[in-house]
Amino acid sequence: MSSEQQPSSAGSAAPRQEMLGAENYVQLVDIRKEYDGFVAVDEVNLAIRKGEIFALLGASGCGKSTLLRVLAGFEQPTRGEVKVDGQRMNGQPPYRRPINMMFQSYALFPHMSVEQNVAFGLKQDGMPAAQIKQKVDEMLGLVQMGAYAKRRPHQLSGGQQQRVALARSLAKGPKLLLLDEPMGALDKKLRSQMQLELVNIIERLGVTCAMVTHDQEEAMTMAHRIAIMDAGKIRQVGTPDEIYEQPNSRFTAGFIGQVNLFEGKIEDDEKDYISIRSPDLPAPLYVGHGVTGYEGMEVALAVRPEKILISKDEPEQPHNKAQGVIEEIAYLGSHSVYHVRLPSGKRVLANMTNVRRWASESFTWNDQAWLSWGDQSGVVLTS
Amino acid sequence: MNAVIGWLRQRLPGPRWLVIGVPFLWMLLFFAVPFAIALKISFSQALIAMPPYSPIVEWNDTALTLKLSFNNYLYLIRDNVYVSAYLSSLGIAVVSTAICLLIGYPMAYAIARMSPANRNICLMLVILPSWTSFLIRIYAWVGILKNNGLINNMLMGIGLIDEPLQILHTPLAVYVGIVYAYLPFMILPLYANLVKLDHRLLEAAYDLGAKPWQAFIKITLPLSRAGIIAGSMLVLIPVVGEFVIPEMLGGPDTLMIGKVLWGEFFNNRDWPVASAVAIVMLALLLIPIMIFHHHQSKELESKLS
Ligand SMILES: Nc1ncnc2c1ncn2[C@@H]1O[C@H](COP(=O)(O)OP(=O)(O)OP(=O)(O)O)[C@@H](O)[C@H]1O
Ligand SMILES: [Mg+2]
């Protein structure tokens with residue numbers, strides 16, 4: 001957790017974003033899905049760009065799979081509209097949609113060989129046999145499973161099954177590829193390798209992709225943009241770094257990575273700065289930009305642990321600082337996380353890279369330490 | 001006996017011996033031994049004596065003679081009655097197995113798709129009739145099918161027919177009885193198979209462009225093959241030798257090997273011919289099954305290698 005969750009190299013969406021095509025290629029308009037009165041998904045509005053990898057991220061039971069199934073056509077939404085490439089999908093059965101899905105458990109047909117599995121969709125389209133053969137070979141080559149064409153699914157490892165499932169869902173050249181927990185059945189090591197490979201394949205083909213995951217690291221690594229879901233609703237949509245750096249609510253700030261939340265009231269609301277008085281801290285909180293709010297408004301300031309500096313001496317700045325006692329130190333290799341208890345009882349997490357830890361001042365348990373952060377380091381949350 | 005068990009114990013390790021031994025012993029006592037006896041009798045000649053057949057091994061003076069008489073088998077081939085009885089038994093069995101499959105498959109499919117609570121009720125309803133004696137249930141069909149029985153009275157009551165239809169003692173009645181009696185044996189293995197079918201495989205097929213009926217043909221049907229074979233065997237094999245149903249519901253012209261066997265044994269008291277009839281029937285059933293089985297295990301091996 002913590003700074004590892006920051007966008008990694010594969011998740012640096014900015015350069016790749018330029019390759020993306022039309023906005024609104026896939027559109028979900030005000031989708032609501034009820035199961036006998038129970039609302040599984042509500043008020044969902046999303047637009048996915050052509051060629052984009054879009055992740056639905058949320059805790060178990062938040063409705064991500066339901067949303068994916070609405071896209072695939074296995075569930076009809078109670079309300080709202082699904083559009084792909086300008087075409088309305090509502091009422092269309094799954095077998096008429098230009099959408100293919102890679103199932104969580106892969107759902108490979110056990111009585112068919114790898115080859116036949118991949119060919120299934122093409123045969124359904126009535127493609128001539130010679131062309132099917134060529135396409136199947138191409139797809140199996142793409143996922144490096146050419147040598148296994150004659151095998152049955154039960155003779156393959158989990159990772160190999162996943163490759164076959166991917167080849168099968170890509171064979172028809174869908175306008176939208178759906179991935180339900182694509183790494184769910186793989187062990188951790190294979191997972192991170194397959195994440196990058198999957199992104200590579202999807203980007204090479206330029207296929208638009210919506211994926212579902214409950215693993216934030218996976219969403220951050222693979223997706224251009226992420227939608228955070230909670231209790232059937234979408235809480236925030238953005239690139240991995242937007243979501244991490246600019247959470248729009250206490251929920252998303254807490255959901256992705258670790259965060260320190262200082263609750264308080266706006267004391268001073270100016271054009272280019274605000275100050276917040278928090279009962280957690282003796283010094284006022286100072287934020288170097290204006291917010292749409294008013295004096296006395298209840299807000300929270302979210303500060304990530306890696307933005308907080310630990311020092312022996314009192315920092316010179318008059319605000320954004322506090323003194324406390326180090327209660328715990330968690331050594332995580334590249335950095336350590338310090339748990340600091342403030343006099344108010346508030347516990348604050350602060351990271352220090354281990355380069356610094358050894359180089360200069362070192363702290364141990366029960367040491368007094370000063371915490372401080374810059375006026376651009378926090379995000380003001382109003383909801 | 002102790003020596004035999006001791007010998008077996010040495011060859012086979014303890015708990016494994018139990019697991020393999022019990023069904024093995026069962027098969028030995030109730031299949032292999034009776035089969036051997038029947039086989040032996042089938043090679044002897046009928047006598048008016050007790051037992052009513054000649055011994056096949058004899059100790060005369062100083063010579064041990066084994067006399068195998070193939071007369072009974074030749075007799076079966078020569079007399080048209082037996083050949084046509086075999087053929088018509090097989091024909092009736094194949095047709096009624098097919099009917100059971102046609103009726104049983106949709107029923108098993110529907111039950112497998114129900115909610116667990118309804119599922120149990122329906123399975124119960126399938127099994128419940130077999131809690132009554134088989135004989136009584138078949139006898140009940142006499143009451144339903146006879147000329148002044150339930151069906152005819154009802155049809156005449158609503159004025160659809162003026163004279164009773166002859167249903168009892170026709171081939172139709174035999175089929176009705178067989179299908180009724182053996183349907184559960186088709187439904188249960190099919191149900192056990194279909195209930196395991198992963199619904200996501202069907203979704204995957206829809207997703208790849210298969211309409212529901214295409215998904216059924218390409219996914220459900222091939223994956224339920226084992227259930228179809230098991231159910232068909234459970235119906236086909238006993239129906240070939242069925243005696244009670246053709247006897248009670250069939251007419252004089254319904255020729256089934258079970259009836260012939262009964263006649264040879266109880267009416268003619270010709271044990272050797274009766275035994276030969278039984279052995280040939282078993283061979284007719286076992287040989288195709290064994291060929292099929294051999295074929296299937298070979299296929300499985302080739303898939304695995
Ligand atoms: N067929 C159904 N009938 C009734 N309720 C359902 C059905 N399918 C899903 N739900 C409910 O809808 C909610 C959302 O389910 P969904 O499967 O979309 O969750 P999820 O976000 O994919 O969770 P997970 O990560 O555990 O897969 C859950 O509370 C679930 O119980
Ligand atoms: Mg799910």
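A residue is taken as buried when its relative accessible area is under 20%. By this criterion, B:Ile257, B:Gly258, B:Val260, B:Gly263 and B:Glu264 are buried in helix H13 of chain B, which spans residues 257-267. The structure described here is a predicted model. Directly after H13(B), B:Arg269 adopts a positive phi of about 50°.

Chain A contains an open sheet of five strands, arranged in the order S13-S12-S11-S14-S20 with antiparallel pairing. Its edges are formed by strand S13 (285-287) and strand S20 (379-381) of chain A, each of which pairs on one side only. On average, and with direction ignored, neighbouring strands of this sheet are turned by 40° against each other. Three bridges connect strand S14 (residues 298-303) of chain A with S20(A) in the antiparallel sense. Across this pairing, A:Ala300 is placed opposite A:Leu381 of S20(A).

An open sheet of four strands is also found in chain A, in the order S2-S1-S4-S5 and with antiparallel pairing. Here the edge positions are taken by strand S2 (38-48) and strand S5 (87-88) of chain A, and each pairs on one side only. Strand S4 (residues 79-84) of chain A runs antiparallel to S5(A) and is joined to that strand by two bridges. In S5(A), A:Gln87 is the residue that stands opposite A:Val84. Helix H2 (residues 64-72) of chain A lies across S2, S4 and strand S1 (26-35) of chain A, and runs at about 115° to S1(A).

The interface between the two chains brings 19 residues of chain B into contact with 24 residues of chain A. Together, chain B and chain A bury about 2000 Å² between them, with 62% of this area on carbon and sulfur atoms. On the side of chain B, the residues that lose the most area to chain A are B:Glu203, B:Asp207 and B:Leu208, which together account for 34% of what that side buries.

Polar interactions also link the chains, with nine residue pairs in polar contact between chain B and chain A. The count of salt bridges between chain B and chain A is one. This salt bridge is formed by B:Glu203 with A:Arg69, whose closest N and O atoms are 2.7 Å apart. At least two residues of the side of chain B that touches chain A are supplied by each of helix H9 (199-207), helix H10 (212-223) and helix H14 (271-304) of chain B. The largest share of that side comes from H9(B), which provides seven residues.

Key:
Residues numbered from 1 in each chain as written. Chains lettered and ligands numbered in written order. Predicted model: local features only at pLDDT ≥ 70, side-chain atom pairs only at ≥ 80, totals over all residues. Heavy atoms only, no water. Pairing = 2+ DSSP bridges. Axes fitted to C-alpha atoms, helices over the stretch in contact; angles between N-to-C directions. Contact = heavy atoms within 4.5 Å. Buried < 20%, exposed > 50% of the residue type's maximum accessible area, 1.4 Å probe, protein only. Buried area = accessible area lost by both parts, 1.4 Å probe. Salt bridge = Lys/Arg side-chain N within 4 Å of Asp/Glu carboxyl O. Polar contact = N/O pair within 3.5 Å; in protein donor to acceptor, adjacent residues only side chain to side chain.
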